[in-house]
Amino acid sequence: MSAEAEEVAHDTVEAAVRAQLAKAFGGVRGIIEAAVPTIAFTVCWIATEELKTALIVSISLSVLLLVARVVQRSTPQFVINSLIGIAIGAFFASRTGDAKDYFLPGILWNAAYMVGMLVSIVARWPVVGFLIGSVTGDPTGWHKDQGIVRLCMRLTWLLMLPCAVRVAVQGPVYLFGGGDEAVAALGFAKIVMGWPLQVAALGAMLWLLGRGRTPIKPVAPA
């Protein structure tokens, strides 16, 4: 669908953002595909304390999920994203020999997202605003309407919150935890604070979006 066609289909900011958010989430299947490799790694490590075995099982499951997507000719985007994250985590853990380093890239990634979104809010160029730009075909046109800017700032706060919670909880466990307890705690936290937390944030965003009807066209200056 062209940008012009999407703009016709979405005549309000709320409708446009809802549509773009729907594309960004993988649904129930995406949630399962993101969780299964982490569960497998955590269980294998606790059961065997063999880092190599845990990594092989985790990566193999990710590859199988990717093959299933390809065979079914459905979008592999979410599995590929998960596989890249798992591969980076596996690299970190294999280099240090410490199983908890499997979770370090995810913590750093969330910290980077959190800082990036916070900077965008402080600069009054909130990240969510660019979702609107991707629909209208004008990446910065939305910024002319301060009502849209304020709405996008509130939405960006909600989008940032899961990242901040993950860093606040998982960071201390990684830094100060040790042994099987730390690996189990990080695995549990990654699963619970992964898609479930993201879905909760999405629900809050959709609730906020459901309260208004902001015209998608920026208001022309007088």
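Which residues does Asn110 touch, not counting residues up to four places away in sequence? In this predicted model, residues are numbered from 1 along each chain as its sequence is written, and side-chain values use heavy atoms, with hydrogens and water left out. Local features need pLDDT of at least 70 and side-chain atom pairs count only at pLDDT 80 or more, while totals for chains, interfaces and linings use all residues.

Asn110 touches Cys163, Arg166 and Val167, a contact being heavy atoms within 4.5 Å. Asn110 lies in helix H6, residues 104-122. Because its relative accessibility is 11%, Asn110 counts as buried (under 20% relative accessible area, with exposed over 50% and partly exposed in between, for a 1.4 Å probe and protein chains only).

The chain as a whole has 10 helices and zero strands; helices (H or I, at least four residues) and strands (E, at least two) are DSSP runs, numbered from the N terminus. Of the 222 residues in the chain, 41% are buried. Among contacts with a separation of 6 or more, 74% join residues 24 or more positions apart.

The accessible surface amounts to about 11,600 Å², and carbon and sulfur atoms hold 70% of this area; such areas come from the Shrake-Rupley method with a 1.4 Å probe, and for residues only the protein chains shown count as cover. On this surface, Ile59, Val63, Val67 and Val71 form a nonpolar patch with about 310 Å² of accessible area together. Val63 belongs to helix H4, residues 51-71, and counts as partly exposed because its relative accessibility is 37%. Patches consist of residues with over 30% relative accessible area and no salt bridge, nonpolar side chains (Val, Leu, Ile, Met, Phe, Trp, Tyr) being joined within 5 Å and like charges within 9 Å; a salt bridge is a side-chain nitrogen of Lys or Arg within 4 Å of a carboxyl oxygen of Asp or Glu.
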